[in-house]
Amino acid sequence: MRTVAGQVFLLQVAIVVLLVTAAVAALLLQSRAASEREARHRSVAVAETFANAPGMEAALAGPDPTAVLQPKAEAARKASGVDFIVVLNLDSIRYTHPLPDRIGKKFVGDVAPALKGQVVTERLTGTIGPLVQAVVPVFGANGEVIGMVSAGITIARVSGVSEDQFPLLFGSAAGILVLTTGGTALVSRRLRRQTHGLGPAEMTRMYEHHDAVLHAVREGVLILGGDGRLLLANDEARRLLGLPADVEGRPVTELGLDPVTTELLSSGRTATDEVLSVGHRVLAVSQRSTDRDGGPPGSVTTLRDTTELQALTGKADVARGRLKLLYDAGTEIGTALDVTRTCEELAEFAIARFADFATVDVAESVLHGEEPTAARAVSDMRRVAFSGSGHGTGPFPLGSVIRFLPSTAVGARLVAGEAVLDADLTRLSGWQQQSPARAEQLVGGGFHTMIAVPMRARGVILGVATFWRVQKPDPFEDEDLSVAEELVARAAVSIDNARRYSREHTVAVTLQRSLLPRGLPDQSAIDAAYRYLPAQAGQGGLGGVGGDWFDIIPLPGARVALVVGDVVGHGLHAAATMGRLRTAVHNFSTLDLPPDELLWHLDELVARIDQDETADDAAGGVTGATCLYAIYDPATGRCTMARAGHLQPVIIDPDGTAAYADVPGGPPLGLGGLPFETLDVQLPEDSRLVLYTDGLVEDRHRDIDEGLEMLRSTLEGHPDRTPEETCEAVLRALVPPRARDDIALLVGRTRRLATENVAEWEVASDPAAVSGVRAEVSRTLAAWNLVEEAFTTELILSELVTNSIRYATGPIRVRLVRDRTLICEVSDRSSTSPHLRQAATTDEGGRGLFLVAQLAERWGTRYTDGGGKVIWTEQPIPGVTPPDDPPGRTARQL
């Protein structure tokens, strides 16, 4: 018995005896339980059968239930083998009983459930010994309980059948004990041979050495049998190769190793420090055969990790995971320069990685692109992002105002700029002070852990991001807090960039809007409508701030100038340059220059701007600008146009025919060196002139020629459209949902001055003709009901005509126009313009032009194509609005 085999024999015999004893005891206990269960089933079955027997209701309702039921109950008792069947009324008084002296007495037992229509069984000890009785209700035809039936049977009556089998049971147990003892003896003999008769101490020492070598050593050990199955793998081998727990006994080809490692292990060849790459590790592998010196077939393999230490590898894995997460966050968060969208991306990214719910609250000032009012304030936050689904109870909804009170535990830490980690919300450790009612709902809904991180950028708190877990059972840990802080820090930079972009965009848009026309000027030459559409945010530059502009400029003589231009590029620089060019066009238009000369001056200005910008290294030069300038005269219907690198305008005839005007092309502004040419066209009344910028017809999904044709076809065939309707139709047909460039569109429908509002004369080059001019002017103004203006007008025209007769050459023409103002024009063939000067007291002349400047509201000179000039004046007409009469005009000779 000193050997392991002897001790194992004794141990196995003891175990067999215990097992047989336990089995017999279990059978006895099972027999008792089965007897009681059988007693319950039989008593319930007999009671229910008798309760549902035909005639039961009639017997209970009869005058003597005992006389009817006692014989039947006794017959049923003897037939079913139970000890008693008792019929009770609702007061628990017996109608039947095996002992007649018990009839009429109160039943002993629990009948309350039976009175409620339920079946009740109970085990008790009566005068006949331990028994099980059942009480069942008797239902009437109306479904109400009208009585009860109890049946009972003693445990001894039921268990007698099982006890008859005990001799066979004990005999079988003895036989099993003899057989197992013999088998144990055979096993012990086999074990003694295998262990070579070693004792327990020797075996323990050998196992301890074996375990120390295999599991404590920092080298992996694999032992394979001759059939290629893995017999043993120590802990280090499992770790290095990533083997599962149940790897022993499986073929090496089914271990899921890489092909090179599998080939080496299955070959069994000798190897010394062969280098294999397994995953991210580099292993030195040595292998030897085990069948030398008569050993069993197979091989033993050792694995040595030659990569960095495990601690450094673990840190590298964590760092690599964080870098991967931050890389993904950089690609998925902050994709648009929009504060709200960036917050939504942060919430969506968080629930996809480590949270079930995520909310982002941002300061109101940040949403408007402003700086936060206080460096560490976290009150009055607006909930702008929420992500998470599949739960009926969640945090406050979108749009709610969240106030993180500094008096609360969470608010105090957030105000200090610190993140908050609450691993167990159910403890109510202080976070619930923010909103006790909402906290109760969250805990009741399964919210069990939370992280709140302030979003900081440039030392300012922009908002708070909060992450929750509901479905994920694991609470947040410090590692999750670090991830959340890094994630929120990355998002905070994007949100701050979006905020600053929103502020710059607002400033740029405000600047641009202030530089564009606020409305249509008062003029009678055209009915005009316009549209200006900025590019959508994110499509270029500052997203909507560009250099497109348009203008309607009233000119002397009831004429009007239509201007459309485009500065290349987007942003504040383009908007500011656009404002300078628009101001320059206004200034040049006051000189009443022809379109080609005005563009020449504008070209010189852009070239100077380029030079100034190039000299300043902090700002880029203007890369180019285009412009189209047109002058329309309602008195003659003549339209003069010139363009500098701009697209051709569209002219729509009164019958609806649309065609591009063949305006000679000029170089874009700023290039210089080439002249500009003009196109003169005669436009009938109700013609429409359509000017636009390239953003209307250019699109990356279509060629510009296709866009031009779409524009022409949209304008074609609709003579009854108003300018407003024309603008709407063009935008619907050509503008995509997200325009990538600014769009300026200007539509003007031409008018003509009515015949009775224009008077024109030719004046001979003779001073005596001046009196005739005064007489005609007096008659004309009388017909126009402007008698009060006659004296002033006669004086102005007398001075202007006299100057032309004295200093210029004929023919001399005088034109009087009644429009929004009273316009006087004197034209001659001289190109010399008069100059206003202050005459001395001794001078005999030089006061006429000064007198004209004092009497007229405005005056000026413009040059004509034939080398002549026109001197004009304007006088206000209080309360007079010119009628919109049909076109017409006559000239009278003087």
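**Cavity, cores, pocket and salt bridges**

In this predicted model, the largest cavity is lined by Ile526, Leu562, Tyr632, Leu683, Leu689, Gly748 and Thr750.

Visitor: How many nonpolar, polar and charged residues are in the lining of the largest cavity?

Guide: The lining consists of Ile526, Leu562, Tyr632, Leu683, Leu689, Gly748 and Thr750. Tyr counts as nonpolar and Gly as polar. The division is therefore five nonpolar, two polar and no charged.

Visitor: How much space lies in the largest cavity?

Guide: The structure holds one cavity of 30 Å³ or more. The space in the largest cavity is about 30 Å³.

Visitor: How much space lies in the largest pocket, and which residues lie nearest its centre?

Guide: The volume of the largest pocket is about 890 Å³.

Visitor: How many residues of the lining of the largest pocket are charged?

Guide: The lining as a whole has nine nonpolar and seven polar residues, and its charged residues number 17.

Visitor: Which element gives the most residues to the largest nonpolar core?

Guide: This core has 56 residues, and Phe354, Val360, Phe467 and Leu487 touch the most other members. The largest contribution is nine residues, and it comes from H15. Another core, of 51 residues, lies apart from it and includes Leu555, Ala625, Ile631 and Leu691.  In soluble globular proteins, nonpolar side chains tend to be buried together. The element asked for is H15.

Visitor: Which residues are in contact with Val360, leaving aside its neighbours within four places in sequence?

Guide: Val360 is one of the residues that touch the most other members of the largest nonpolar core. Beyond its sequence neighbours, the contacts of Val360 are Cys343, Leu346, Ala347, Arg382, Arg383, Val384, Ala385, Met455, Val464 and Ala465.

Visitor: Are Asp828 and Lys869 buried or exposed?

Guide: The side chains of Asp828 and Lys869 form a salt bridge, with N and O 2.8 Å apart. The pair joins strand S28 (residues 821-828) to strand S30 (residues 869-876), 41 residues apart in the chain. The relative accessibility is 6% for Asp828 and 4% for Lys869. Residues under 20% count as buried, so Asp828 and Lys869 are both buried.

Visitor: How many residues apart are Glu219 and Arg304?

Guide: A salt bridge of 3.9 Å, N to O, joins the side chains of Glu219 and Arg304. Glu219 is partly exposed at 27%, and Arg304 is partly exposed at 32%. Glu219 lies in the loop between helix H7 (200-216) and strand S5 (220-225), and Arg304 in strand S9 (residues 298-305), so the pair links parts of the chain 85 residues apart.

Visitor: Which residues are linked with Arg341 in a network of salt bridges?

Guide: The whole structure has 36 salt bridges. In the network that contains Arg341, the linked residues are Glu344, Glu345 and Glu348.

How values were computed
Residues numbered from 1 in each chain as written. Predicted model: local features only at pLDDT ≥ 70, side-chain atom pairs only at ≥ 80, totals over all residues. Heavy atoms only, no water. Salt bridge = Lys/Arg side-chain N within 4 Å of Asp/Glu carboxyl O. Helix = DSSP H or I, 4+ residues; strand = E, 2+ residues; numbered from the N terminus. Buried < 20%, exposed > 50% of the residue type's maximum accessible area, 1.4 Å probe, protein only. 1 Å grid on protein atoms, 1.4 Å probe; cavity = no way out; pocket = protein on both sides within 12 Å on 5 of 7 lines; lining within 4 Å. Points joined across faces, edges and corners; volume = space filled by probe spheres on them. Core = buried A, V, L, I, M, F, W, Y, C linked by side-chain atoms within 4.5 Å. Contact = heavy atoms within 4.5 Å.
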